[in-house]
Structures are given as structure tokens and as C-alpha cells.
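Here's a quick briefing to read alongside the model. Take a look at the structure first, then work through the notes below.

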Amino acid sequence: MPAIRRQVIKSFKFFHHVIDHPEYAETVTEAWNFGQITGTDQYKLIRSLKLLKRPLRNLNKRHFSGISQRVKAQRERVDELQRRLLTLPD
């Protein structure tokens, strides 16, 4: 029997640090299509928020994912530069 793979939909989590990113306002402006959606105001709001989820996830993944690995790599780089500075002060 072929294996059936179900797509697991993760719940959306909004991280407040994304607001401070320079691309945040542009991303929200591009994804927010409130005027182009027809229906009641409540439906327009829900649909616009759903359309906004993917761009915000992509922004978070592109700039903030793997942060612990990046911190570790930068720490190793700083350590190496400090060792060089101590051995070759010029």
C-alpha cells in the first residue's frame, strides 16, 4: 500500500519581533487585499488575515529562522577574531 502523507497545518503564531523588520510594512501592504474581496466586512477581514499568514510566515522564515545556529556561528567567528587579535595585535 502506498504511504499516505497528510499535510500537517501548523497553527499561526505571530512574533512581535517581525514588526521591527524593515520589510514588514511593505509585506502587509502587498498582502492586504481588503478592497478586492467581496462579502461582508467580517468575511473580508477573515479572508484578508488568511491571505496575510503566508507572507508573514515567509518573512519570519527568511530572516529569523535558525537563529540559534546563526548565533552559534557568529559566536565562533567572534572567538576566532579575538584569538587572532591576541596573537597578532597589528
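Let's start with E23, which has a relative accessibility of 29% and so counts as partly exposed. Keep in mind that this is a predicted model.

**E23 and its partners**
- You'll find E23 in the segment before α1.
- Which residue does E23 form a salt bridge with? That's R62, with the closest N and O atoms 3.0 Å apart.
- R62 sits in helix α2 while E23 comes before α1, so this pair ties together parts that are 39 residues apart in sequence.

**Salt bridges around E80**
- Counting salt bridges here gives three.
- One of them joins E80 to R83, with 2.7 Å between the closest N and O atoms.
- E80 also forms a salt bridge with R84, and there the closest N and O atoms are 3.4 Å apart.
- Put together, E80, R83 and R84 make a linked network of salt bridges.
- E80 and R83 are both in helix α3, which covers residues 67-87, and they sit three residues apart, or about one turn of the helix.
- R84 is in helix α3 as well, four residues from E80, which is again about one turn.
- How accessible is E80? Its relative accessibility is 32%, so E80 counts as partly exposed.
- R83 comes out at 47% relative accessibility, so R83 is partly exposed too.

**How α1 and α2 pack**
- In general, two packed helices are described by the angle between their axes and the distance between the axes.
- Helix α1 runs over residues 24-31, and it packs against α2 at an angle of about 155°, with the axes 9 Å apart.
- Are α1 and α2 roughly parallel or antiparallel? Angles over 145 degrees count as roughly antiparallel, and α1 and α2 are therefore roughly antiparallel to each other.
- The α1/α2 crossing is right-handed.

**A nonpolar surface patch**
- W32, L45, I46 and L49 make a nonpolar surface patch of about 330 Å².
- L45, one of these residues, lies in helix α2, which spans residues 41-64.
- L45 has a relative accessible area of 38%, so L45 is partly exposed.

Methods
Residues numbered from 1 in each chain as written. Predicted model: local features only at pLDDT ≥ 70, side-chain atom pairs only at ≥ 80, totals over all residues. Heavy atoms only, no water. Patch = residues over 30% accessible without salt bridge, like charges linked within 9 Å, V, L, I, M, F, W, Y side chains within 5 Å. Areas by Shrake-Rupley, 256 points an atom, 1.4 Å probe, with all protein chains shown as cover. Salt bridge = Lys/Arg side-chain N within 4 Å of Asp/Glu carboxyl O. Helix = DSSP H or I, 4+ residues; strand = E, 2+ residues; numbered from the N terminus. Buried < 20%, exposed > 50% of the residue type's maximum accessible area, 1.4 Å probe, protein only. Axes fitted to C-alpha atoms, helices over the stretch in contact; angles between N-to-C directions. Parallel < 35°, antiparallel > 145°, perpendicular 65-115°, else oblique. Left-handed = near helix turned anticlockwise from the far one by under 90°.
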